[in-house]
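User: I would like to learn how to read aromatic pairs and salt bridges in a model. Please start with the rings.
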Amino acid sequence: METKAKNNTLLISHASQLGQNFPNPFNPVTEIKYEIPKVADVSISIFNILGKEVYRESFKDLNQGYHSLRWDARNINGKLVSAGVYFYTLEAKNAFTKTKKMILLK
């Protein structure tokens, strides 16, 4: 969405966004891209099909803009997870939560 300020400067209004991981399906590495419009505490969690969290990355006071997370199909303990459907969630504290699906093939 675009708006004009009083001095005719073009302003672009941004909202948090979570992109689809790429590649999808993947083996063994995928990239998750996201955007946040202002500095925020952000976390990305990955869950298996049963809803159990298998991986999490948290960032305190992450700068606004575009970011990406590379996931190598390892769990919190560093062990490879099994093939299957996973869900990843981006949460920007008190502002945004979005979840998408990805598939790990082996």
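Analyst: Rings of Phe, Tyr and Trp (its six-membered ring) pair if their centres lie within 6.5 Å; planes under 30 degrees apart count as stacked, over 60 as edge-to-face and the rest as tilted. This structure holds three aromatic pairs. It is a predicted model, in which local features need pLDDT of at least 70 and side-chain atom pairs count only at pLDDT 80 or more, while totals for chains, interfaces and linings use all residues. Residues are numbered from 1 along each chain as its sequence is written, and side-chain values use heavy atoms, with hydrogens and water left out.

User: What is the angle between the planes of Tyr55 and Trp71, and how far apart are their centres?

Analyst: A pair of aromatic rings is described by the distance of the centres and the angle of the planes. For Tyr55 and Trp71 the centres are 6.4 Å apart and the planes stand at 40°, so this pair is tilted. Tyr55 belongs to strand E6 (residues 53-62) and Trp71 to strand E7 (residues 65-71), so the pair ties together parts 16 residues apart in sequence. Strands (E, at least two residues) are DSSP runs, numbered from the N terminus.

User: Is Trp71 buried or exposed?

Analyst: Buried means under 20% relative accessible area, exposed over 50%, partly exposed in between (1.4 Å probe, protein chains only). Trp71 has 0% relative accessibility and counts as buried; Tyr55, at 15%, is buried too. Trp71 also pairs with Tyr86: their centres are 5.8 Å apart and the planes are at 65°, so that pair is edge-to-face. Tyr86 lies in strand E8 (residues 84-92) and is buried at 4%. Ring pairs link Phe26, Tyr55, Trp71 and Tyr86 into a cluster.

User: How many salt bridges does the structure hold?

Analyst: Side chains of opposite charge can pair when their charged atoms come close. The criterion for a salt bridge is a side-chain nitrogen of Lys or Arg within 4 Å of a carboxyl oxygen of Asp or Glu. The structure holds three. In one of them, Asp41 and Lys60 have their closest N and O atoms 3.7 Å apart. Asp41 is in strand E5 and Lys60 in strand E6, so the bridge ties together parts 19 residues apart in sequence. Asp41 is partly exposed at 23%, whereas Lys60 is exposed at 65%. Glu53 bridges to Arg56 at 3.1 Å between the closest N and O atoms, and Arg74 to Asp72 at 3.5 Å.

User: Where is confidence lowest in the chain?

Analyst: pLDDT is the predictor's confidence in each residue, from 0 to 100. The lowest mean, 39, falls in strand E1 (residues 2-4), and the highest, 97, in strand E5 (residues 40-48).

Note on methods. Helices (H or I, at least four residues) and strands (E, at least two) are DSSP runs, numbered from the N terminus.
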